[in-house]
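Visitor: I'm new to this one, and I'd like to go through it with someone. Could we open it up and talk it over?

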Amino acid sequence: MADILVVDDDKHTRIFLKSILQNANYTVTTAENGEDALDVLDKKHIDLVVLDVMMPKMDGYEFTKTLRESDNTLPILMVTAKILPSDEKQGFIVGTDDYITKPIDEEKLLLRIKALLRRAQIVNDQKIVIGDVTLDYNALTVTRGNEVQELAQKEFLLLYKLLSYPGKIFTRIQLMDEIWGMDSETGWETVTVHIGRLRKRFENWNEFKIETVRGLGYRAVRNV
């Protein structure tokens, strides 16, 4: 089971979060602020950080920024009483992966942690497995049994992105920026074209499908 680091300057919150996570069979280490948390990371393996924002010595923003500037991609979930959109935006700017507010919804907390750990595993393995289907990032292939589909790079990256976040809606502009780059001179219509090609190629594969969400964009659905 994953090792989680809980960072919060409030003793009662640390105890509360530790209890929730241990009951969910996670191994938990705690720290009182960002500086102490960095010391923990130097000494032991951690799979995910649950992080408060307002702390003495080094707050959550500074801790996250420090990690990201050193190219550390450790998943970070900010849990904070700061509820303004600007606070949430600041968290994502410095590099947090997700953000929930206090009072803590235990079920939501555990679901967010599970999702972050799953995404981190996908990044580390560079593979997505859906039943008998495997997407191999390094080979740009989608396989099912003995059937191997070799995709063009943009098509593969588009499918890989959608299936990394099943159920999440991505706008055409988001997908355009992430797959083709913000400086690309290609219009967003190319996303629609590539989605059409993917649907045609995998129309008889029941393990997943790509749905159009009218007025918003696209999402992938995993059926196994």
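Visitor: Let me start with a detail: in what kind of crossing, left-handed or right-handed, does H6 pass H7?
Guide: Bearing in mind that this is a predicted model, the crossing in which H6 passes H7 is right-handed.

Visitor: Where are those two helices, and at what angle do they pack?
Guide: Helix H6 covers residues 153-164 and helix H7 covers residues 172-180, and the two pack at an angle of about 125°, with 10 Å between their axes. Angles over 145 degrees would count as roughly antiparallel and those from 65 to 115 as roughly perpendicular, so H6 and H7 are oblique to each other.

Visitor: Which residues meet there?
Guide: On the H6 side they are Lys154, Leu157, Leu158, Lys161 and Leu162, and these meet Leu175, Glu178, Ile179 and Trp180 of H7.

Visitor: And how many of them are nonpolar, polar or charged?
Guide: By class, the contact of H6 with H7 has six nonpolar residues and three charged ones, with no polar residues.

Visitor: Changing topic, how many helices and strands does the chain have?
Guide: The chain has eight helices and eleven strands, and its C-alpha trace spans about 55 × 40 × 30 Å along the principal axes.

Visitor: What share of the chain is buried?
Guide: Of its 224 residues, 42% count as buried, while the accessible surface of the chain comes to about 12,400 Å², with 47% of that belonging to carbon and sulfur atoms.

Visitor: What about contacts between residues 24 or more positions apart?
Guide: Among contacts in the chain with a separation of 6 or more, such pairs account for 53%.

Definitions and conventions: Residues numbered from 1 in each chain as written. Predicted model: local features only at pLDDT ≥ 70, side-chain atom pairs only at ≥ 80, totals over all residues. Heavy atoms only, no water. Axes fitted to C-alpha atoms, helices over the stretch in contact; angles between N-to-C directions. Helix = DSSP H or I, 4+ residues; strand = E, 2+ residues; numbered from the N terminus. Parallel < 35°, antiparallel > 145°, perpendicular 65-115°, else oblique. Left-handed = near helix turned anticlockwise from the far one by under 90°. Contact = heavy atoms within 4.5 Å. Nonpolar A, V, L, I, M, F, W, Y, C, P; charged D, E, K, R; others polar. Buried < 20%, exposed > 50% of the residue type's maximum accessible area, 1.4 Å probe, protein only. Areas by Shrake-Rupley, 256 points an atom, 1.4 Å probe, with all protein chains shown as cover.
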